[in-house]
Amino acid sequence: MTKSLVNQSEISPNGNCKVQKNMQINNYLYSFIYHDTERDLCKLESKYVFEEEEKNRRLLSEIKIEPSSSAFIKNRIDIISFSKDYNVLIDEIKEECICVEGFKVEYLVFDGDKTEYAERLDKLKDVGYSIEGNPDYYDPTINYALCFFKGIWYFGVLIKNKFAWYKHKQKPCSYSNSININIAKALVNIASKGNRDKTLIDACCGVGTIMLEACFAGNDIEGCDINWKVCVDARKNLLHFNYTANIYSSDIKDIRKRYDAAIIDLPYNLLSRASEKDVLHIIESTGEITETLVIVSTSDITNLISEAGFGISDYCSVSKRGKRKFARKIWVCEKN
Ligand SMILES: C[S@@+](CC[C@H](N)C(=O)[O-])C[C@H]1O[C@@H](n2cnc3c(N)ncnc32)[C@H](O)[C@@H]1O
């Protein structure tokens with residue numbers, strides 16, 4: 001992780017601060033979006049990706065993550081200037097000499113910002129007139145954001161989660177056992193800690209829901225499933241979106257390669273029922289090829305996790321919405 005060029009403690013008493021021209025921006029202001037049932041999962045993902053939990057759906061961090069790699073990150077502001085004094089911020093933006101055609105500036109309203117609508121429009125004009133070039137509100141080449149957060153005005157480039165990964169919902173082969181796409185993305189981020197260089201194995205990959213999200217995020221992932229039919233479907237799904245990843249049609253016990261982390265979405269219903277013995281077998285076997293496990297189950301398997309020689313670092317539960325109510329339990333485990 002690179003040390004930030006600017007952070008809130010570096011603001012001088014008059015409240016001024018500016019990122020120098022041509023220097024790498026490495027302070028980011030994130031906004032999150034999630035349903036109440038996903039709050040704990042979002043916080044767990046945030047803890048593993050940013051090394052701290054988001055608070056009230058906001059997070060200021062030195063860590064840069066693509067919003068689209070998460071189901072919960074709504075957008076990221078790559079901070080260019082910030083100041084306690086609004087007029088100073090405008091001067092700073094002018095000094096940046098930003099010259100761009102087709103830009104758009106958006107005002108993001110954060111908690112605690114009492115600025116009225118009319119004043120927000122005026123402020124957007126101030127920023128717009130500080131940038132050289134013509135704006136384009138409908139098809140912008142670049143989005144900028146202005147916001148007031150915890151007593152400080154921020155201006156920066158706005159990177160939105162375009163939710164392009166929603167296309168995976170139309171995968172050719174589905175499975176009644178398939179995990180929810182938001183959970184799948186969070187599992188990838190927790191297992192990889194947001195590091196795209198980490199190698200992953202989806203030990204019980206089914207039709208590859210988790211694998212699709214790992215491939216989209218840019219992680220190197222392989223899959224394994226004991227049921228050859230679902231392996232065929234998982235390969236079809238990956239191919240449909242032009243992703244390449246190995247899928248082993250095998251019992252996880254027969255995999256020899258090592259990985260940085262494994263995700264295990266355990267069998268849980270009539271289609272893929274597993275006894276305690278089967279669950280222990282899957283966890284122990286996966287433990288032979290990695291030190292880190294992110295396990296999903298609908299029943300409490302804490303005793304089996306410790307019996308398999310793993311300690312639990314974190315836990316959360318996500319209730320399923322809709323008619324069939326149950327909770328998916330998620331454990332982050334490290335080998336003892
Ligand atoms: C809950 S499903 C996984 C669903 C998957 N995450 C998806 O979204 O499609 C559990 C899977 O574990 C597989 N499985 C059960 N025992 C296994 C074993 N010993 N090795 C590998 N896969 C196994 C089952 O065939 C089943 O497809």
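## Briefing: sheet, helix packing and ligand shell

Leu 200 stands opposite Ile 221 in β8, and strand β7, which covers residues 199-202, runs parallel to β8 and is joined to it by 4 bridges. The model is predicted.

- Strands β7 and β8 belong to an open sheet of 7 strands with mixed pairing, whose order is β9-β8-β7-β10-β11-β13-β12.
- At the edges of this sheet are β9 (247-249) and β12 (310-319), each of which pairs on one side only.
- On average, and with direction ignored, neighbouring strands of this sheet are turned by 15 degrees against each other.
- Helix α6, formed by residues 228-240, lies across β8 and β9, and its direction makes an angle of about 160 degrees with β9.

**Packing of α5 with α6**

- The axes of α5 and α6 come within 10 Å and cross at roughly 30 degrees.
- Because angles under 35 degrees count as roughly parallel, α5 is roughly parallel to α6.
- The crossing of α5 and α6 is right-handed, and the contact is made by Met 211, Leu 212 and Cys 215 from α5 together with Ala 234, Asn 237 and Leu 238 from α6.
- Sorted by class, the contact of α5 with α6 comprises 5 nonpolar residues and 1 polar residue, with no charged residues.

**Packing of α4 with α5**

- Helix α4 (residues 181-192) and α5 have axes that come within 8 Å and cross at roughly 55 degrees, and the two helices are therefore oblique to each other.
- The crossing of α4 and α5 is right-handed.
- On the α4 side, Ile 181, Ala 184, Lys 185, Leu 187 and Val 188 take part, and they meet Thr 209, Ile 210, Glu 213, Ala 214 and Ala 217 in α5.
- The contact of α4 with α5 divides into 7 nonpolar, 1 polar and 2 charged residues.

**The ligand shell**

- The ligand is surrounded by 23 residues, of which the closest are Ser 178, Cys 204, Gly 206, Thr 209 and Asp 265.
- Helix α5 (209-217) and strand β8 (220-225) each supply at least two residues of the shell around the ligand.
- By class, this shell is made up of 14 nonpolar, 6 polar and 3 charged residues.

Methods:
Residues numbered from 1 in each chain as written. Predicted model: local features only at pLDDT ≥ 70, side-chain atom pairs only at ≥ 80, totals over all residues. Near = placed C-beta within 6 Å. Nonpolar A, V, L, I, M, F, W, Y, C, P; charged D, E, K, R; others polar. Pairing = 2+ DSSP bridges. Axes fitted to C-alpha atoms, helices over the stretch in contact; angles between N-to-C directions. Contact = placed C-beta atoms within 7 Å. Parallel < 35°, antiparallel > 145°, perpendicular 65-115°, else oblique. Left-handed = near helix turned anticlockwise from the far one by under 90°.
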